[in-house]
Amino acid sequence: MSKKDIENDQVESTQAETIEGEEQVVEEETKEEKLEAKLKQENDKFLRLFAEFENYKRRTAKERIELFSTASEDVMKNLLPVLDDFERALTHIDEDKEAEELRKGVLLIYQKLIKTLEQKGLKLMEVKKGDTFNADIHEAITQIPAPSDDLKGKIIDIVEKGYLLGEKVIRFPKVVIGQ
C-alpha cells in the first residue's frame, strides 16, 4: 500500500468515527430531550393535581362553614309559624282592653323568643307597603287594582313576613301587589 492509500484509510476511519460520535451525541441528546419532556410533563401533572387539591380544600372549608351557619334552618322554619301566631295573638289582645296583663305577658314571651332566634342568626326581612315588587325577594300572593297610579307594581299589603338565616332566605315575604 502506498502512502496515499494509508492516508485515505485514516481519513475514512476518522470520518467514520466522527459520524459514529455524532450519532451517539444525537442519541444522547434525544434521550436527554425525552427525559426533559417527561420531567416537564410530570411537573405539570403535579402542579395541576396540587392546584386541584387546594381548590378541594377551599371548597370543603366553605361548605363546612355554610353548613354550620345554616344547620338550624329546619328548626327555624318550624318556629316561624309560632312567631306568626304570637303576632296574631298580640294583635287581637291589643283590641281587648281588659286583658292588659295578658298582653304584657305574651309580649314578653314573644320578645324573648325573637331575641333568642336573632342570636342564632334569624333576621326579619325589611319590607314596607309602597316598596317596589321584586320577584327575587318577594312572593306575590295576588294582584289587586292599585288604589292610585303611583302604587302600580308596588307592594300594597304584607300577608306574611319574610326571614333570613344569615344571608340565606328561609321564607320569602308574601305580599299583595297593585296592578
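The chain has 3 helices and 6 strands, where helices are DSSP runs of H or I with at least four residues, strands are runs of E with at least two, and both are numbered from the N terminus. Along the sequence the order is α-α-α-β-β-β-β-β-β. The model is predicted, so local features need pLDDT of at least 70 and side-chain atom pairs pLDDT 80 or more, while totals for chains, interfaces and linings use all residues. Residues are numbered from 1 along each chain as its sequence is written, and side-chain values use heavy atoms, without hydrogens and water.

Of the 179 residues, 19% are buried, meaning under 20% relative accessible area; exposed means over 50%, and partly exposed lies in between (1.4 Å probe, protein chains only). Among contacts (heavy atoms within 4.5 Å) with a separation of 6 or more, 63% join residues 24 or more positions apart.

| Feature of α3 | Value |
|---|---|
| Residues | 100-119, 20 residues |
| First to last C-alpha | 29 Å |

The expected span is 1.5 Å times one less than the number of residues. In α3 the buried residues are V106, Y110, I114 and L117. They lie on the same side of α3 because they cover an arc of only 75° around the axis, taken from the directions from the axis to the C-beta atoms. These buried residues pack against α2 (73-95) and β1 (122-124). The face turned away from them carries exposed residues, including E101, L108 and K115. After α3 comes G121, with a positive phi near 110°.

G121 is also among the residues touched by L164, which is in strand β4 (163-165). L164 and M125 are 39 residues apart in sequence and 6.5 Å apart from C-alpha to C-alpha.

Technical notes:
Lists of a residue's contacts leave out its neighbours within four places in sequence.
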